[in-house]
Amino acid sequence: MRHFSKDENKRAVWLRRLSEAKRSKETVETRFWTKVKKTKTCWIWQAGKVPFGYGSFSRKPGPTLLAHRFSYTLVHGTIPKGLCVLHKCDVPSCVRPSHLFLGTKAENNVDRDRKGRRRSLRGEEHGWSVLREVDVRRAKTLRDGGMSFPKIGEALGFEWKTLWAALSGKSWKHVRL
Ligand SMILES: [Zn+2]
């Protein structure tokens, strides 16, 4: 039987820990990406959602995180304290790192207000009251990425027929897509 010196033992333990840590990181990352559907434009989170349509990812072990924030850290590293991860593409469930950028909380709120709560006086008064201009734009982005209407409906939380009607119909013609 071989006897390790104290130092050799330490080194063996350290190496084992390192490889375990690496493996568990890979597992978490791998699991994360299995929940993402990549279209030509956006990469859509398919698992749990929180209000405002953001994806939620439970790390196991570890806390549940917002999916787009986790994706940002995988590619760009730590998010500086107090900063938010914003979407260039207006699709809250998108986790494509190149569509994400950092902003302050105030910027995030302004952004969300501008994108989400802006009212269109036409489309929204024409019987499409559940659908907002921003949703039509999001749907168009996803459609351009090759996503099917049922999947878009799932991603944005609307009946696919409603979205289909909006993209192909009359009520939203004024929205420059
Ligand atoms: Zn996107």
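**Core packing**

Modeller: In the largest nonpolar core, which has 24 residues, the members touching the most others are Ile44, Ala139, Leu142 and Ile152. Such a core is a set of buried Ala, Val, Leu, Ile, Met, Phe, Trp, Tyr and Cys residues joined through C-beta atoms within 7 Å; buried requires 20 or more other C-beta atoms within 10 Å of a residue's own, with C-beta atoms placed from the backbone. This is a predicted model: local features need pLDDT of at least 70, side-chain atom pairs count only at pLDDT 80 or more, and totals for chains, interfaces and linings use all residues. Residues are numbered from 1 along each chain as its sequence is written.

Colleague: Which element gives the most to this core?

Modeller: Two or more residues come from each of β2 (43-45), α2 (67-76), α4 (133-144), α5 (149-156) and α6 (160-168). Helices (H or I, at least four residues) and strands (E, at least two) are DSSP runs, numbered from the N terminus. With four residues, the element that gives the most is α5.

Colleague: Why does this core lie between domain 1 and domain 2?

Modeller: The bounds, from an automatic or database domain assignment, are 34-117 for domain 1 and 119-177 for domain 2. The core lies between them because residues are given to it by both domains.

Colleague: Which residues does Ala139 touch, leaving aside residues up to four places away in sequence?

Modeller: Contact requires C-beta atoms, placed from the backbone, within 7 Å. On that basis, Ala139 touches Ile152, Leu156, Leu163, Ala166 and Leu167.

Technical notes
Buried ≥ 20, exposed ≤ 12 C-beta atoms within 10 Å, placed from the backbone. Contact = placed C-beta atoms within 7 Å.
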